[in-house]
Amino acid sequence: MDNVNNDFESKRIVFVTVGTTSFDSLVKTVDSDQVKEALLEKGYTHLVIQMGRGSYIPKKSSGGEDGSLVVDYFTFSSSIADYLRSASLVISHAGSGSIFETLRLAKPLIVVVNEDLMDNHQSELAEELAERKHLFCGRPQTLCEVIKSSLNVDIIVPYEPGDANPVAKLINKHLGFPAD
Amino acid sequence: MAVFVSVFLVITTTLLVARIVYVISQSSKPNRNTSQKHLSTLVVLGSGGHTAEMINLLSVMQKDWYAPRYYIAAATDNMSLQKARVFEDILDDKGADGTQFMQIYRSREVGQSYITSVGTTLLALGHALWLMVKIRPHVILCNGPGTCIPICAIAFIFKCMETSGFGDQMVIYILCGEYCKSQKTIIEWLASLQTTHG
């Protein structure tokens with residue numbers, strides 16, 4: 001399908017984010033030919049990488065006639081909300097901020113756990129949410145596999161953000177403030 | 001002489017244990033807040049999701065009741081205080097007087113060796129002590145980032161000591177948020193002492 005009438009509609013962007021961390025193994029994996037192939041096969045057209053403090057620099061590409069993925073990258077942004085909004089798929093490090101920001105926007109999400117981190121409460125969170133079918137979970141080595149065989153957005157259960165009102169009421173009551 | 005010392009130690013330890021047990025047992029009882037219109041509140045912020053969730057909670061709480069507000073984040077955390085400032089800027093001016101933003105030394109960085117962590121943890125505890133004496137909050141809100149451990153430890157000690165003006169009225173809320181399951185054991189222990197679940 002070349003030569004699109006509506007450029008915006010045919011764009012399917014994959015947004016990769018590592019937050020404020022350095023996660024070279026994820027960026028390297030995403031920049032690999034296998035993963036880019038796998039994304040192309042799934043119908044994605046653009047790859048945008050937020051690489052954070054990492055030292056591995058991905059290769060930019062303007063796509064072109066051979067139909068390869070358009071690749072771009074940047075280090076940081078004060079807010080990735082716009083990138084998340086325009087994405088059809090998000091691949092993120094396991095930081096809870098990135099995860100919940102993506103889930104609140106109801107975007108399909110693959111969380112990749114960084115095994116170099118010493119304490120991995122992050123992986124517990126990702127696995128818990130994956131069990132509840134809110135997202136897909138993997139490691140840099142398994143990312144390609146996850147994209148190829150497990151990525152089925154129909155099984156995703158939408159995430160309902162917790163309501164803070166009951167908590168606030170409980171605290172108020174406990175402290176002796178008038179019940180609302 | 002040895003007998004005297006041992007008896008002294010036994011009595012002191014027993015009193016201390018009894019005091020701790022008492023503080024814990026009283027923890028879930030509601031406070032009678034008839035006199036105060038507002039309570040000074042310390043909000044502990046942690047990286048990313050912790051801060052987002054705390055701001056989410058604060059946005060539905062009565063700002064004039066929980067004032068003045070003191071926000072604390074780790075020294076190496078550049079985003080959390082920024083998010084708190086943005087949040088406070090959006091609020092009306094009522095209760096904004098006296099809002100303060102502070103940083104505390106981190107007990108341990110990700111990847112830091114455990115040996116050097118002992119020194120940095122002691123530093124963090126000392127800093128927490130200093131901040132707590134300065135602020136003496138009535139309410140402490142935290143949802144489990146590592147930043148809150150020295151603060152809650154000091155706060156708990158204050159409560160046990162109950163020196164007048166030093167923590168006898170203090171209430172600590174350790175909130176189990178959306179990712180409570182992944183908190184470390186010590187937090188879970190602290191949380192079981194004084195927790196309000198949503």
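# Helix packing and backbone details in a predicted model

At 41% relative accessibility, Arg136(B) counts as partly exposed. The model as a whole scores ipTM 0.71 and pTM 0.66.

**Confidence**

- Chain B has a mean pLDDT of 74, with 70% of its residues at 70 or more.
- Within chain B, strand 2 (residues 69-74) has the highest confidence, at 91, while helix 6 (residues 185-193) has the lowest, at a mean of 42.
- Residues 178-198 of chain B have a pLDDT below 50, and beyond near neighbours in sequence this stretch makes 47 contacts in the model.
- A friendly caution applies here: where pLDDT is low, the predicted coordinates should not be read in detail.

**Helices 4 and 5 of chain B**

- Two packed helices are described by the angle between their axes and the distance between the axes.
- For helix 4 (residues 114-135) and helix 5 (residues 148-161) of chain B, the angle is about 55° and the axes are 9 Å apart.
- Because of that angle, helix 4 of chain B is oblique to helix 5 of chain B.
- The crossing of these two chain B helices is right-handed.
- On the helix 4 side of chain B, the contact is made by Ala124(B), Leu125(B), Ala128(B), Leu129(B), Met132(B) and Val133(B).
- Facing them from helix 5 of chain B are Pro150(B), Ile151(B), Ala153(B), Ile154(B), Ala155(B) and Phe158(B).
- By class, this contact between helix 4 and helix 5 of chain B has twelve nonpolar residues, with no polar and no charged ones.

**Helices 3 and 7 of chain A**

- In chain A, helix 3 (residues 33-41) and helix 7 (residues 143-150) cross at roughly 15°, and their axes come within 9 Å.
- An angle under 35 degrees counts as roughly parallel, so helix 3 and helix 7 of chain A are described as roughly parallel to each other.
- Helix 3 of chain A passes helix 7 of chain A in a left-handed crossing.
- Gln34(A), Val35(A), Ala38(A) and Leu39(A) of helix 3 meet Cys144(A), Ile147(A) and Lys148(A) of helix 7 in chain A.
- The residues of this chain A contact divide into five nonpolar, one polar and one charged.

**Helix 5 of chain A**

- Buried residues in helix 5 (residues 96-104) of chain A are Ser96(A), Ser98(A), Ile99(A), Phe100(A), Thr102(A) and Leu103(A).
- After helix 5 of chain A comes Ala106(A), which has a positive phi, near 55°.

**Loops and backbone geometry**

- Lys133(A) is another residue other than glycine with a positive phi, here near 65°.
- The loop that holds Lys133(A) runs between helix 6 (121-131) and strand 7 (136-138) of chain A.
- With a relative accessible area of 43%, Lys133(A) is partly exposed.
- Ala67(B) and Pro68(B) are joined by a cis peptide bond, with omega about -10°.
- Pro68(B) belongs to the loop between helix 2 (49-58) and strand 2 of chain B.

How values were computed: Residues numbered from 1 in each chain as written. Chains lettered and ligands numbered in written order. Predicted model: local features only at pLDDT ≥ 70, side-chain atom pairs only at ≥ 80, totals over all residues. Heavy atoms only, no water. Axes fitted to C-alpha atoms, helices over the stretch in contact; angles between N-to-C directions. Helix = DSSP H or I, 4+ residues; strand = E, 2+ residues; numbered from the N terminus. Parallel < 35°, antiparallel > 145°, perpendicular 65-115°, else oblique. Left-handed = near helix turned anticlockwise from the far one by under 90°. Contact = heavy atoms within 4.5 Å. Nonpolar A, V, L, I, M, F, W, Y, C, P; charged D, E, K, R; others polar. pLDDT = per-residue confidence, 0-100. Buried < 20%, exposed > 50% of the residue type's maximum accessible area, 1.4 Å probe, protein only.
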